[in-house]
Amino acid sequence: MTDISLTHITPMAAMSIAIAVAAAFLIHWALYWIALRVAKHSKIEPVLLPAIFQPTRWLVVLLALGAGLKSIEVGPGTEDIWSIGARMIFALLVGWLIFRVMRAGKAMLEERADISVEDNLKARRRRTKISILYRICQCIVGFFVIAMMLIAIPGVRTIGVSLMASAGLAALAVGAAAQPALKNLIAGVQMAFSEPIRLDDVVIVEGEWGRVEEIRLTYVIIRIWDDRRMVVPVSYFLEKPFQNWTTKTSDLLGTVFLYVDPTADIERIRTRFVEAVKANGRWDGRVAILQVTDHRADALELRGLLSARNAGIAFDLRCEVREAMLSFLRTEMPEALVRGRQRVEAGEGLARLDVAGLDAISPEITRPSGAAE
């Protein structure tokens, strides 16, 4: 039976291990304090140091504990358990440290890409790439950490070698079952560089207007205008058509449709439309025009174009200008409102009117005798 007891460890050896661990804590704290002082003296925001504080502390403690145990003679069983456990814990702590460094790096890069400004196209591009690549790196690092932890176990390593023959069939089965997930995963990598959408883009997907709120590795979250959330697979944006209103810039053109009587004074309406657009503080000063886009039997279709800095402002501008124009037509040009008309020919109309009048007075006078009722 393998001896894993610790009874042969003397109090002096245990004290030396405790002193080594305490010294590791003290050295780590001193180095961290010095690094913080240097960062503040250099006027550098210490984003990375707080992120790596916990992982590095336990890494230093693990190394100190390993150095302290080397000076002690332990049984073969205890040594094997410590060797396997130390390697697994070391792989886990290294993975934790890499995750913290990546998160801090992501935060620092996102601070340089401010999407709260009006012209935020470059910032949104950078944030989109950072977000997608960060999640890809998370998956890769997590895979390697788990692999290193399993390799540290001799039994698992031996079983893995013996199962290599059947790994091909297992890979095919897993690949067939996970085809949608792999498809979206590959599409996410492709989207990071092709950029069909970016964070905060204004899109119309499945007839819904919204903004790209979050881009995950396999799906995208769209915030609809009424605060609903639409979850769309990443592959959707590479396979199906959709509208992106902010591909090149956040500036947008809006439309206002008016329907007026065919006899209306178009030039007067056009002048009032331009005045209403220019008087509105949401207009960005680029486009303000009104054109006749259709002629129907009972009305003219007028299309007004106006511009704004982004989609949200453009929507409010359209509503306010439409209200102003309707108020203008109702109060100052009521003759321009659409109305129904009927034309009655002179002879035919009078004859019908006479017959209708006589029929109302005496049906017998207007109908021949024997006529059907």
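**View 1. Thirteen residues around the second largest pocket.** In this predicted model, the second largest pocket has a lining of 13 residues, and those nearest its centre are Trp209, Trp245, Ala311, Phe315 and Arg318. Two elements each give two or more residues to this lining: strand S6 (252-260) and helix H10 (311-331). Helix H10 is the one to follow here, as H10 gives the most, with six residues. Sorted by class, the lining holds eight nonpolar residues, joined by three polar and two charged ones. The space inside the second largest pocket comes to about 250 Å³.

**View 2. An open sheet of five strands.** Let your eye run across the sheet in the order S4-S3-S2-S1-S5, where the pairing is antiparallel. Strand S4 (229-233) and strand S5 (243-244) are found at the edges; each has a single partner strand, so one side of each has no neighbour in the sheet.

**View 3. A closer look at S3 and S4.** Here we move in on the pair formed by strand S3 (residues 219-224) and S4, which run antiparallel and are joined by five bridges. As a handy landmark, look for Val220, whose bridge partner in S4 is Val232. In general, strands of a sheet pair through backbone hydrogen bonds, in either a parallel or an antiparallel way.

**View 4. A nonpolar patch on the surface.** Seven side chains to look for are those of Leu26, Ile27, Trp29, Leu31, Trp33, Ile34 and Val38, which form a nonpolar patch on the surface. Together these residues have about 760 Å² of accessible area.

How values were computed:
Residues are numbered from 1 along each chain as its sequence is written. This is a predicted model: local features need pLDDT of at least 70, side-chain atom pairs count only at pLDDT 80 or more; totals for chains, interfaces and linings use all residues. Side-chain values use heavy atoms; hydrogens and water are left out. Patches are made of residues with over 30% relative accessible area and no salt bridge: like charges are joined within 9 Å, nonpolar side chains (Val, Leu, Ile, Met, Phe, Trp, Tyr) within 5 Å. Accessible areas come from the Shrake-Rupley method with a 1.4 Å probe; for residues, only the protein chains shown count as cover. A salt bridge is a side-chain nitrogen of Lys or Arg within 4 Å of a carboxyl oxygen of Asp or Glu. On a 1 Å grid over the protein atoms alone, a cavity is a set of points where a 1.4 Å probe fits but cannot get out, and a pocket is an open set with protein on both sides within 12 Å along at least five of seven lines; lining residues have an atom within 4 Å of a point. Grid points are joined across faces, edges and corners, and a volume is the space filled by probe spheres set on the points. Helices (H or I, at least four residues) and strands (E, at least two) are DSSP runs, numbered from the N terminus. Ala, Val, Leu, Ile, Met, Phe, Trp, Tyr, Cys and Pro count as nonpolar, Asp, Glu, Lys and Arg as charged, and the others, Gly among them, as polar. Two strands pair if DSSP finds at least two bridges between them.
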